[in-house]
Amino acid sequence: MKLLNRREVLAGFAGTSIFSMAGFHPAFADDGYIELTARETKIKLKGLAGPDSELMGYDGLVPGPTLRFTRGQMVRIRFRNELDVPTTVHWHGIRLDNAMDGVPGLTQDAIPPGGSFDYEFTPPDAGTFWYHAHVDSWSQVARGLFGALIIDEVTPAFAPENDHVLVLTDWRVDDAGAFDVASMGGMHEFEGGGRIGNLLTVNGVEKPEIPVSSSSAQRLRLINTSTARILKLELTDAKVAIIARDGQPLASPKEVSGDILLGPAQRVDLTAEFAPDVPAELNEFGGIVMARFIPSGPATAQASPVLVPADLPVPDLATIRWIPLLMEGGVSGRLKDPEIAQLHGGMAMKATAPPLWAFNNVVGMGDKPLFEAAGGESIGIEMTNKTEQYHAIHIHGHDFRIIRQTGPANTTWFDTVVIAPAEVMRIAFVAGKPGKWMIHCHVLEHSVAGMDTWFRVS
Ligand code: C2O
Ligand code: CU
């Protein structure tokens, strides 16, 4: 008899265990560290009867275990690399100390096969975050090295049964339904819109049915872990409001009807009020069903809990220093005479893709930062997208706002933002903790092919 692995056991209870793993924690070492191990794993992406996919997983799971902590609580994670390639872990969106940020060659050395690294940080903000590999991430994230990182409010705003973590992932599978390894690293993925899949999963399961309560507002934490796909989401048959973006609560809930765009690496927290016994669907791009919600219980009576926004430093537009960031390259805008930068010590990733994209005519991360800032200084980045592709620009360790020339101030915080072809977008933030912080495109095929830079905070 074949023993079921943990994920198969969980998937067997699809709709119960795997979708309500609040409080699930992996193993603790004797000294209080949580152990987290990256290793190769076999996963069935197309149902339990489908073929095995050769993936990489944290603790052998895809997505990795949902790591859940409380704001202000010290997090200690002993990470082990049991892959046969180097890796690191990045805690996406957490405003942590630079040394724990997981960027090879910038904040730490890549962890070799058989090696380990102790990550230790105290998350300052409650919200929806995620963790993922940061070495050859176009390949390692595409193969499954990602998971949800949830930081609870000191008193959780929603009861565990009303709080759902939904890790949304785009996969390219072959006709049999196994992960398509052969198509990895194709030139068109690096120079075009990245690797776009043909299978969407929620917590590793295709079209799961998720039981929800219709008697109180449900918190849905959506995380887009796709390497390139911009999800265009719609939740039918429910009253929906956005309560947080990229982990940070909005000043007040924003009701939505219609599409919610969620770029690679972005998160959105929703409240959804489901009608008793009326199934609802999470749809992508006008019709692909990603998940079904099966409500039960009487109709919602109480008001939805309210999240308290974090007290983030607000950039001062009077003293702000603007840094231009010009994006060029791609299949239809070949770089003319770019400067090819190589970051010393660990960016082996640069060997795997040709120089195709540039920030300010520089391909990849060099020894020179894009800019230097003093802690507390207000910094603006004026991004000009001269390419024909969408990009998802992520700033490590900082939250920023989109600055409009006219109209009301936009008070929503992001750590990743999607910029459209030919768009000019200005974002602003206050330089935070000292160290070297990366800025890159989270279309991970673009990042490896040049869309990387960094800045120093002193
Ligand atoms: Cu999600 Cu450089 O990271
Ligand atoms: Cu890009």
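1. Helices (H or I, at least four residues) and strands (E, at least two) are DSSP runs, numbered from the N terminus. K207 isn't a glycine, yet its phi is positive, about 45°. Most residues other than glycine have a negative phi, and most peptide bonds are trans. P63 is in the loop between β2 and β3 (67-70).

2. Some housekeeping before going on. This is a predicted model, where local features need pLDDT of at least 70, side-chain atom pairs count only at pLDDT 80 or more, and totals for chains, interfaces and linings use all residues. Residues are numbered from 1 along each chain as its sequence is written, chains are lettered from A and ligands numbered from 1 in the order in which they are written, and side-chain values use heavy atoms, with hydrogens and water left out.

3. Now the overall layout. The protein chain splits into domain 1 (6-156), domain 2 (166-296) and domain 3 (321-457), with bounds that come from an automatic or database domain assignment. The C-alpha centres of domain 1 and domain 2 are 19 Å apart.

4. How many residues of domain 1 are in contact with domain 2? There are 35, and they meet 37 residues of domain 2 (contact means heavy atoms within 4.5 Å). Together the two domains bury about 2900 Å², 66% of it on carbon and sulfur atoms; buried area is the accessible area (1.4 Å probe) that two parts lose on being put together, summed over both.

5. Charges show up at this interface too: the rule finds three salt bridges across domain 1 and domain 2. A salt bridge is a side-chain nitrogen of Lys or Arg within 4 Å of a carboxyl oxygen of Asp or Glu. D152 and R221 pair up this way, at 3.8 Å from N to O. On the domain 1 side, the elements giving two or more residues are β2 (52-58), β7 (127-133), α2 (137-140) and β8 (146-152).

6. The whole structure has 28 salt bridges. One of them joins D97 to K433, with the closest N and O atoms 2.8 Å apart. These partners are 336 residues apart in the chain.

7. Finally, the metal. The copper ion (ligand 2) has H391 (ND1), C441 (SG) and H446 (ND1) as protein donors, 2.0 to 2.1 Å away. Donors are N, O and S atoms within 2.8 Å of the metal (3.2 Å for Na, K and Ca); water is not among the atoms, so sites may look incomplete. H391 is in strand β26 (residues 391-395) and H446 in helix α4 (residues 444-448), 55 residues apart.
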